[in-house]
Amino acid sequence: MTGMADAAEVTHATDAEVFAALPAVLIDRDNVEHYRGLLARRLLINRCAACGYWVYPHRPLCPKCWSWDVVPTQVSGDGFVFLCTLVHQERDPDAAPGEPVSTAAVELVEQPGLRYLAPVVNCPPDRVRLDMPVRLTWVDRDGVAWPAFQPSGPIEGGR
Amino acid sequence: MARNPLKDQLAVVGVGSTPYGRDLKRTELSLALEAATAAVEDAGLDRQEIDGICGTGMDPLAMGGSGFLTLQGALGIEKTTWQKNGWLGSCFVYAAEAVFSGLCDTVLVVQAYTRGIGMSRSAAADPFRLRSAQLRAAGGHTIVGQSDPARRWIHSGEPYAAWMARYLHDYGATKDVFARIAVNNRTHATTNPRAAMRTPITMEDYHASRVIWEPMQMLDMDVPVDCGEALIITTAERARDLRHSPVYIHAMSLGGSRVGEYYDNSLGWTENALWISLAGLRERSDLTIDDLDLFFPYDGYTIDTVGCIEAAGFCKPGETADLLASGWDAEANIYRLGGHTLVSTNGGALSHGRAGGFNFYTEAVRQLRGTEGERQVPDARTALVCAGASFFHDPASVMLRTD
């Protein structure tokens, strides 16, 4: 946690508060704990209590062992950039052209292939490199703190 | 008498059901998974024996409900060669015909329903049902991603752009591999009177085109058009009595991978559904790529074509750049695979236009009939069509041939 985001932090939001804070998100009974966690600046991913497999995207059933005992569990926040694109043009045709924004699939250290989609911040977009180690931080968007990742080691020169 | 060749050929071997209730406080997916796991356990099957899935709904891209894309991953089923969504009584029939046809051997059909907000006052007061209804798209399922601030990568360009970067990074290729695909397809389109884009382009034009989602550029992307395509399929016996020389469906395969819903969590480059589809085709086809005259790889984005070329076995993973460079005809501005096979002779989706790949089928049929005059490929007898072969949803591989 860097303190850079000013968004409100709620330690344990009610369902109604989660719905109100995130009006455009598909919140359902399988992922509500993840979004409740975001409001408390905790990145929670469902984990199977029976076999330890991290279940993401969020499902009620472990796809490895078919246990229903799937528990939202906080991850370390460490990972590396596995996929990244610089968005030069938004899909919204009315969006004003701006600086390219990085959107990365960050592979978390907890499990191979366990990836979370978020922007890379505190790094010039043209210095974001695949396999670069990163660490979780939080950015303010529409009054809510959202997960982002920043380099956890030295930033290398342009690619 | 109507034909009934499947008489006594099929059986139901497992069933599973959930409790019914007015408010079970569960997602549609959760109910679907309970029924599905129960049916598999009832049948005494290893879940990996399931190689076909019919999920719930009418939209193959449906996400957030219990469509096949979600079910396969949620159930941990590694590979399927037939997938569909359906509803009402017809989904049973689709599944049966898939088994009868040989497209799969063991099919799981899953249907789940939940009480919608229009069905009762108490349902309308449930914030979970309300949110689902607000973000529900045509087709009966909720589409997540576009409206989600988390910006999950679904079936759209951004993750393909990211995979282009990963491909270049992992295999040390340059963007010339994508440029050659764009130029080849445009060159073929210049002779196709139906094509939307008929002005020739060069490699330099490709590299100079506008960047959209780095490293993807404008000329990596197909051309949205208004168009119509149709074809008719009948039995081979009947076809032989009709006007044109028959074009036979020699073999077909679909493909589904365990992770196939969100691109950020996708499996490796050689593990996605496209590769399963083409492996499934090889297992069903007496013809190989060595016999191939025409190849129609999907080209919604140029990276799709790279995947099709490698998954079809023209080269090893990561070697497409060398393959296209060695097969490049600088005079004609096209490439051939294996020194012979012509690719995307209509111009593909990149230059003929985006028809979901259906224009690949009609072009292949015309070329195999030999009716294309000045643009006819001499002696074309075999064609492999990979239409709509995205990384995950509906990557169909179809081998067509003439006598």
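I looked up A:Cys48 and found A:Val70 as its bridge partner in S3(A). Helices (H or I, at least four residues) and strands (E, at least two) are DSSP runs numbered from the N terminus. The model is predicted: local features need pLDDT of at least 70, side-chain atom pairs count only at pLDDT 80 or more, and totals for chains, interfaces and linings use all residues. Residues are numbered from 1 along each chain as its sequence is written, with chains lettered from A and ligands numbered from 1 in the order in which they are written.

**Sheet in chain A.** I traced strand S1 (residues 44–48) of chain A to S3(A) and got five bridges, antiparallel. Two strands pair if DSSP finds at least two bridges between them. The sheet is open, with three strands in the order S2-S1-S3 and antiparallel pairing. S2 (54–55) and S3 (70–74) of chain A each have a single partner strand, so one side of each lacks a neighbour in the sheet.

**Contact between the chains.** I counted 34 residues from chain A and 43 residues from chain B; a contact is a pair of C-beta atoms, placed from the backbone, within 7 Å. On the chain B side, H6(B) gives the largest share, eight residues.

**Helix H6(B).** I checked the length: 15 residues, 21 Å from first C-alpha to last, close to the 21 Å expected, where the expected span is 1.5 Å times one less than the number of residues. Its buried residues include B:Tyr160, B:Trp163, B:Met164 and B:Tyr167. Buried means 20 or more other C-beta atoms within 10 Å of the residue's own, these atoms being placed from the backbone. The cover over those residues includes S4 and S5 (101–108) of chain A, and S5, S6 (216–217) and helix H11 (302–311) of chain B. Just after H6(B), I found B:Gly172 with a positive phi of about 65°.

**Cores.** I took a nonpolar core as buried Ala, Val, Leu, Ile, Met, Phe, Trp, Tyr and Cys residues joined through C-beta atoms within 7 Å. The largest has 129 residues, with A:Ala104, A:Val106, B:Phe296 and B:Val385 making the most contacts inside it. Domain 1 (28–134) and domain 2 (159–401) of chain B both contribute, so this core lies between them; the bounds come from an automatic or database domain assignment. Beyond four places in sequence, A:Val106 is in contact with residues including A:Phe80, A:Tyr116 and A:Phe149. Another core lies apart, of 11 residues, A:Leu22 and A:Leu39 among them.

Note on methods
Two residues are in contact if their C-beta atoms, placed from the backbone, lie within 7 Å. A residue is buried if 20 or more other C-beta atoms lie within 10 Å of its own, exposed if 12 or fewer, and partly exposed in between; C-beta atoms are placed from the backbone.
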